Structures are given as C-alpha cells and as structure tokens.
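Student: Could you take me closely through the surroundings of the ligand, with the cut-offs behind each term that you use?

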Amino acid sequence: MSSTKILDHPLVDCHLTVLRNKATTPGEFRQSIRRLSMLLAYSATAEMKTTEYPIETPIQKMHGRQLVERVGLIPILRAGIAMVEPMLDLIPTAEVWHLGLYRDETTATPVHYYSKLPSNSPVELAFVLDPMLATGGSACMAFQTLMEWGVKNIKMLAIIAAPEGIEKIQQDFPQVDVHCCVVDKNLNDQKYIVPGLGDAGDRIFNTTG
Ligand code: PRP
Ligand code: URA
C-alpha cells in the first residue's frame, strides 16, 4: 500500500500559515512554496541510492558519495512549476519533464493538454510536483502517464493534501508514496481543499483577478 509521509515540523507550520493567508502577496507565496518544497524534498529523497567515489580534500584522500539513479522532476502545470527550482537546487542533475493538466471547472476532473515525454528511455525515479492534491485526479493521471513511459519508482510531493486525494492514490496507485506538509480536513462542493489556500496556480502566477 502507498505510504503517506506527513511532515511534522515547526518551520512547516509557519511557512504553511503564510501560504494559507489570503493577505500573502504572490511574491511571498512563491517564496513559501520554495521553502516548503525544500523541506518536502528532504523527506522525499531520503531513500535515494548513492555510490562511493574517490575525492581528495586539501588534507587527504577519501571516499565521498554521489547519486546513482536517473532522476526526473515532473511538475504538473501550472502550479507544480514553482516547486521545480528548489528541487533542482538539491538535485542539479535531475531532468525536468512537464505535464500539462487542468481541472475542468464544472466536473473537477483533469484534462490533459501537454506532455513532451519521449517514447522511450524513462527515468528511474520520478518526483511528481504539485502543491495541491485535492481529489487526486490530476496526480493519478500523471502517474498513469509516467507508468506508460516505463517509470518504475514514482513519488508524489504535495504541499497540501486532502484525505480524498490520498485515499484515491492508495486505491489506484498503491506503489506511489506521497510526501506532504499537511493533510487538511476535506474538499468543499467545488472540490477545493478546506481550509486550503485557494487556487495555487492563480496565487503563484498572480492571475486571481
Ligand atoms: C490544481 C492543482 C492540481 C489540481 C489538484 O491545478 O495545482 O494540479 O488542481 O486537483 P485534483 O487533485 O482534484 O486533480 P488546476 O487544475 O487548478 O490548474 P492550474 O495549476 O493550471 O491552475
Ligand atoms: N486546486 C487548487 O489549486 N486548490 C484546491 O484547493 C484544489 C485544487
């Protein structure tokens, strides 16, 4: 079964509060996403494989470590874009493969509109990036696309998750682990997360007007 790792940390609580606050400016919002993404990355990358290689410090020879897997960052457009830079800061060798999905406003089901995945040569480990895991429809459509590409190891990074989204992943993609900062109460009638933060893409890109 899919495991769900929920961060429990005072810094997470404080940065989440900034994100949720409707008075937060888009610039501050993006900065909070960046900080929370780094904290999430710490959890989500804990099992990455490394191998030894020899280096020389100014003092002596020693063995250090380097990552061995081919890693893909898969931001779900639009909101996932804000999580890419902090992940690339930590894993500079990662490849970035964008998936364009939006939720139909009336049905809240995902609509696929962009993918440039190659037909072969899948990454070994994929981190799906999206600040919001609501119904789980968008995330699961992304997982399906990645599995068809041939990715064996998929991890989901979400800043705020709803119980409904986590349950859907556990049922439909039990092999995918979810890392999130918090699990909120529920979804409202429009399938927005409560209390949530509103529309993440609009707040990141200042398109709320
Ligand atoms: C948001 C969010 C997720 C999706 C989550 O994107 O960034 O991709 O909704 O909802 P779900 O779990 O119910 O599928 P949105 O559709 O608003 O697109 P946008 O990022 O372009 O605004
Ligand atoms: N997408 C968002 O941006 N926010 C929600 O609360 C749900 C889906």
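Tutor: What follows is a walk around the ligand site.

This is a predicted model, in which local features need pLDDT of at least 70 and side-chain atom pairs count only at pLDDT 80 or more, while totals for chains, interfaces and linings use all residues. Residues are numbered from 1 along each chain as its sequence is written, chains are lettered from A and ligands numbered from 1 in the order in which they are written, and side-chain values use heavy atoms, with hydrogens and water left out.

Around ligand 1 there are 16 residues, of which R103, D130, T135, G136 and S138 come nearest; a residue counts as near if one of its heavy atoms lies within 4 Å of the molecule. By class, this shell divides into 7 nonpolar, 5 polar and 4 charged residues, where Ala, Val, Leu, Ile, Met, Phe, Trp, Tyr, Cys and Pro count as nonpolar, Asp, Glu, Lys and Arg as charged, and the others, Gly among them, as polar. At least two shell residues come from each of β4 (71-77), β6 (99-103), β9 (132-133) and α4 (137-149), the helices (H or I, at least four residues) and strands (E, at least two) being DSSP runs numbered from the N terminus.

Turning to individual atoms, an N or O atom in the side chain of D130 is 2.5 Å from an oxygen atom of ligand 1, and a polar side-chain atom of S138 lies 2.6 Å from an oxygen atom of the ligand. From A79 it is a polar backbone atom that lies 3.3 Å from an oxygen atom of ligand 1. The protein covers 91% of the 510 Å² of accessible area that ligand 1 has on its own, as computed by the Shrake-Rupley method with a 1.4 Å probe.

Terms used. Polar contact = N/O pair within 3.5 Å; in protein donor to acceptor, adjacent residues only side chain to side chain.
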